[in-house]
Amino acid sequence: APVPPAAAVPFPARGSWQRGPGAEVRIEGVCKQYSGHPVLQDIDLHVRPGEVLAILGPSGSGKSTLLRTINALEKVDRGLVSVDGEFIGYRRCGDTLYELKEKDILRRRIEVGMVFQNFNLFPHLTALDNVAEAPVAVRGLTRAQARAQARELLARVGLGDREAAYPRQLSGGQQQRVAIARALALNPKVLLFDEPTSALDPELVGEVLDVIKELARSGSTLVIVTHEIGFAREVADRVVFMDAGRIVESGPPAQVLNAPTQARTREFLAKVL
Ligand code: ADP
Ligand code: MG
């Protein structure tokens with residue numbers, strides 16, 4: 001569905017995606033169930049501006065659900081999520097919160113970019129048009145501005161020579177890099193990655209991780225669900241380990257990955273390392 005223009009959000013000058021620290025994310029007391037089965041249980045998490053947070057945990061532990069609460073793809077049963085001081089899904093008036101209308105939720109959602117395991121590119125659009133499409137629709141860029149920006153972003157992810165290619169003509173690693181460029185094209189305050197390399201052949205993982213590393217260095221706030229332990233150790237400022245809908249352990253990579261305090265973290269790491 002088309003997203004309404006965000007007239008109130010001025011689009012920064014072209015190339016200014018090197019815009020210094022990203023925004024903060026606050027998750028407070030978040031609970032979520034599916035048909036009586038708790039999926040997120042009282043989650044508290046504060047991601048600082050420009051922080052790179054890696055989320056680890058077994059399948060079914062709630063990692064994707066937690067990530068999706070940050071851009072309101074997932075509605076919480078209890079608790080609050082805010083990005084850059086704005087509540088996701090709510091507007092504050094005095095001490096009262098009011099639920100936002102769907103179109104206002106969409107407007108707020110575009111401030112949070114998301115990159116999925118399976119790329120989710122538009123198959124009928126070239127790499128360039130995949131990246132140029134949304135900024136015209138939701139940021140009010142002209143077609144020419146959006147295409148110029150898309151060229152810069154494709155170059156930034158190492159695909160300056162593939163702008164005319166369709167997704168099916170690209171490798172998985174290249175498709176995922178287009179997907180990252182597409183997310184960046186909306187100049188998000190926060191970028192979320194849900195297992196961005198899990199669908200890739202092993203030899204293509206590195207090229208995608210290198211792009212994410214570059215984003216990390218540029219000061220973006222990144223929240224990355226990943227099973228790439230080496231990558232988390234190298235790039236993350238902090239690692240969170242989740243199990244059964246809870247944050248079991250959280251700390252610097254050297255602590256959580258090398259000297260976990262919780263038995264469940266140790267068991268998990270013993271399996272994946
Ligand atoms: P992870 O990403 O850590 O593998 P998820 O967040 O995808 O975990 O899922 C956590 C739990 O929530 C799982 O038990 C899963 O089956 C359940 N779940 C996720 N999405 C839905 C849904 N739309 N409807 C019902 N159950 C769901
Ligand atoms: Mg998942």
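Predicted model: local features only at pLDDT ≥ 70, side-chain atom pairs only at ≥ 80, totals over all residues.
1. The crossing of α5 and α6 is right-handed; handedness here goes by whether the near helix is turned clockwise from the far one by less than a right angle, with anticlockwise counting as left-handed. Residues are numbered from 1 along each chain as its sequence is written, with chains lettered from A and ligands numbered from 1 in the order in which they are written.

2. Helix α5 covers residues 172-184 and helix α6 covers residues 202-217, and their axes come within 8 Å, crossing at roughly 20 degrees. The axes are lines fitted to C-alpha atoms, for helices over the stretch in contact, with angles from 0 to 180 degrees between N-to-C directions. The helices themselves are DSSP runs (H or I, at least four residues), numbered from the N terminus. So α5 and α6 are roughly parallel; the cut-offs are under 35 degrees for roughly parallel, over 145 for roughly antiparallel, 65 to 115 for roughly perpendicular, and oblique for the rest.

3. Who does the touching (heavy atoms within 4.5 Å)? From α5 it's Gly172, Gly173, Gln174, Gln176, Arg177, Ile180 and Leu184, and from α6 it's Leu204, Glu207, Val208, Val211, Ile212 and Leu215. That contact has 7 nonpolar, 4 polar and 2 charged residues. For the classes, Ala, Val, Leu, Ile, Met, Phe, Trp, Tyr, Cys and Pro are nonpolar, Asp, Glu, Lys and Arg are charged, and the others, Gly among them, are polar.

4. Helix α3 (residues 127-139) also has its axis within 8 Å of that of α5, and the two cross at roughly 25 degrees. That makes α3 roughly parallel to α5, and the crossing is right-handed. On the α3 side Ala127, Asn130 and Val131 meet Val178, Ala181 and Arg182 of α5, a set of 4 nonpolar, 1 polar and 1 charged.

5. What about α3 and helix α4 (residues 143-156)? Their axes come within 8 Å and cross at roughly 130 degrees, so α3 is oblique to α4. This crossing is right-handed too. The contact divides into 10 nonpolar, 1 polar and 4 charged residues.

6. On to ligand 1: the residues around it (a heavy atom within 4 Å) include Tyr34, His37, Gly60, Gly62 and Lys63. Among the polar contacts (N or O pairs within 3.5 Å), a ligand oxygen is 2.7 Å from a polar backbone atom of glycine 60. For glycine 62, the distance from a ligand oxygen to a polar backbone atom is 3.1 Å.

Methods: Heavy atoms only, no water. Contact = heavy atoms within 4.5 Å. Polar contact = N/O pair within 3.5 Å; in protein donor to acceptor, adjacent residues only side chain to side chain.
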